[in-house]
Amino acid sequence: MAKILDGVSRTFGEFLLIPRLTKKNQSSGTINLAASIAASNRESAPRFDLNIPIVSAAMQSVTDSNLAIALAREGGLGFIYCSQDVKSQAAMVAQVKSHKAGFVSSDTNTLVGESLEDVVALMKKTGHSTVPVTSDGTATGRLLGIITDQDFWEHEDNLKAPVEHYMTKIDNVIFGEEGLSLREANSLLRKYKKNCLPVVDKNGNLSSLVFKKDYEDHMRHPRELLDNSKRLCVGAALNTRDYKLRAPALVEAGADVLCFDSSDGLSEFQKEGLNWIKRKYGEEIILGGGNIVSAEGFDYLVSGLGLDFVKVGIGGGSICITREQKGVGRGQASALLEVVKRRDAYLEETGRYIPVCSDGGLSNDTQIALALAMGADFVMMGRYFAMTDESPSPKTSFNGQVFKSYWGEGTRRAQNWERYTDGSDSRELLFEEGVDAYVPYVGGVSEALASTIQKIKATMINVGASDLSEFKQNAVLTLVSEQSIVEAGTSSVFQFTRNSELDAASWGENS
C-alpha cells in the first residue's frame with residue numbers, strides 16, 4: 001500500500017511568528033536583506049548575493065526585460081521565461097545587460113563628414129542627444145569631438161552642413177582616461193558641469209561614456225544588483241528539451257544565473273541537464289534546479305556536479321492547478337520546512353551550503369516574511385509582479401478598476417509544451433496545469449517593493465534579527481487555529497473605504 005506521511009500538509013497561512021526581544025540599536029536602516037543565491041563552502045564566501053531576497057517567476061505574463069531591469073534596480077533578480085525561442089530569450093537577456101551602470105559603450109556615433117541632417121535622424125532613432133564623433137564612426141574609433149542637441153538649432157541651422165562645423169572638437173572636450181574610477185569620472189562631471197564624460201584609452205580611442213543622469217539614477221536605486229562590470233544582473237530559465245542550445249546562447253548574452261523551470265524537478269531529465277551545464281561551465285554560471293517538495297528531491301538534485309540552489313514548491317501558485325489536475329504537490333510551508341531541514345543537515349554532513357528558494361504559495365507580504373523565517377534564502381513570485389506596470393501583460397478596465405492579465409506556464413495560452421509533456425514527440429498540450437486570469441493593477445515595481453521591504457524589516461526587528469541568517473535562527477513559529485485567524489482580522493467594527501471593491505481585490509486580501 002502507499003506510504004502515508006505523518007502530519008498535515010501545511011500552508012503559510014497556518015503559522016505565526018512569536019515575538020522575540022526587540023533591540024534598541026535596530027532600525028529599518030540597520031537591517032541587512034542580502035541573500036545568497038549560489039552554493040558555498042564554509043571556508044569560502046558566496047559567489048553571488050541578492051541585495052533583497054526576492055526574484056520574479058520565469059513566466060510570459062511576468063518577466064520580460066522591462067520587469068527584469070526594474071527588479072534588478074531594486075536589488076532583486078528577474079528570470080526571463082524560456083517558453084519562447086532561444087533567440088528572443090537571449091535578446092531579452094542582452095537588453096537587461098545593456099543597462100550598464102556607470103561606464104556605457106556608446107551606441108550612437110558619427111563621422112566628421114556626416115551631415116547635420118544625418119545626426120538629427122540618428123538622435124531621433126536612438127533617443128540619445130549626445131553623439132561622439134570618431135575617426136571611423138564606431139564606438140571604439142579615435143575620438144575627434146562631441147556633438148549634442150545643444151550645438152545646433154534643428155529648424156534654423158543648415159542641416160546639409162557637415163558635423164565638423166557644429167561639433168565641439170577634441171581640444172575643447174573634457175574627457176577621462178581609461179582606468180579612472182566611476183567616482184573620479186563623476187567628480188570630473190561635477191567639476192566641469194558636464195552631462196557626459198567621454199573616456200578614452202591611451203591611443204585616444206573612445207572607450208566608454210559616463211553620464212550625469214546615470215549617477216542620479218543610481219542614487220535613486222542604491223540597492224541595484226550589479227555585476228563586476230557595473231551592469232544589471234539577470235537570470236534566465238531553461239527547459240529539459242533544448243538546454244544544449246539554449247544555455248550557451250543565454251550565457252553568451254550575459255545571463256548571470258540559469259535555472260531549470262519545471263513543475264516537478266525530481267526527474268532524470270533535469271539531473272542530466274544540470275550535470276551537462278556544470279560540466280560545460282563549472283563555476284562560471286550560477287545554476288538552479290527544481291521544483292521539489294521533499295528531502296528526497298533535494299538529495300537527488302544536489303548529488304550531481306554542483307547545483308547552486310533549489311526551488312521548492314509544487315501547486316502553490318495562484319494560477320497553478322497541478323494539485324487539482326494530477327493530485328501531486330504539497331502545502332508550501334510543509335514542503336519548505338522539510339527541504340530546509342535536509343539542507344541544514346546536508347551542510348553539517350558536507351560543509352556545503354545550498355540556498356533554497358520558496359516558489360509560490362505566497363498570498364501577502366506577511367507570508368514572504370514567514371517563508372524567510374522558515375529558512376528560505378529567497379522567494380520567487382509571479383502574481384506579485386504580474387500586477388505591476390513593468391510586467392509584459394496589457395492593462396484592462398472593468399467596473400472602474402484596472403487589471404492586468406496573468407496566465408500560468410501550464411496553460412494553452414502559454415503553449416509551453418517543452419515544460420508540460422508526456423515525453424512523447426507530440427507537441428500538443430493534452431491538459432492544463434494553470435489558469436488564465438486577471439490580477440488587480442498596483443503600480444510600479446519600485447512602489448510595491450518599498451512597502452514589502454519595510455514590512456519584512458519590521459518583522460525582523462520584532463524577532464530581534466539584523467540579517468536573514470539571524471532571522472532564521474531566532475524565529476519561533478506557532479500553528480494557528482481557525483478562530484485565531486478570525487481573531488487576527490478586524491472584528492466588531494465597520495470599515496468604509498474610498499473603494500471597497502478594489503480593497504477586497506488587493507494583494508493582501510485576495511489570496
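In this predicted model, Thr108 is placed in the loop between strand 7 (103–104) and helix 3 (116–126). Its relative accessibility is 1%, and because buried means under 20%, Thr108 counts as buried. Beyond its neighbours within four places in sequence, Thr108 is in contact with Leu122, Thr126, His128, Thr130, Val131 and Pro132. With His128 there is also a polar contact, side chain to side chain, at 3.0 Å.

Attention now turns to the aromatic rings. The whole structure holds 6 aromatic pairs. In one of them, the ring centres of Phe298 and Tyr346 are 5.6 Å apart and the planes stand at 80°, so this pair is edge-to-face. Phe298 belongs to helix 8 (residues 295–302) and Tyr346 to helix 10 (residues 332–350), so the pair ties together parts that are 48 residues apart in sequence. Both Phe298 and Tyr346 are buried.

Phe309 and Phe378 form another edge-to-face pair, with 5.6 Å from centre to centre and 70° between the planes. Here strand 17 (residues 309–312), which contains Phe309, is linked to strand 20 (residues 378–381), which contains Phe378, across 69 residues. Phe309 is buried at a relative accessible area of 0%, and Phe378 is likewise buried at 0%. Together with Phe79, Phe309 and Phe378 form one aromatic cluster.

Charges also sit over rings. The charged end of Lys271 lies over the ring of Tyr300, 4.2 Å from its centre, and Lys395 lies over the face of Tyr441 at 4.3 Å from the ring centre.

As a whole, the chain has 16 helices and 24 strands, and 50% of its 511 residues are buried.

Note on methods: Residues numbered from 1 in each chain as written. Heavy atoms only, no water. Helix = DSSP H or I, 4+ residues; strand = E, 2+ residues; numbered from the N terminus. Buried < 20%, exposed > 50% of the residue type's maximum accessible area, 1.4 Å probe, protein only. Polar contact = N/O pair within 3.5 Å; in protein donor to acceptor, adjacent residues only side chain to side chain. Contact = heavy atoms within 4.5 Å. Phe/Tyr/Trp six-rings, centres within 6.5 Å; stacked < 30°, edge-to-face > 60°. Lys NZ or Arg CZ within 6 Å of the ring centre and 35° of its normal.
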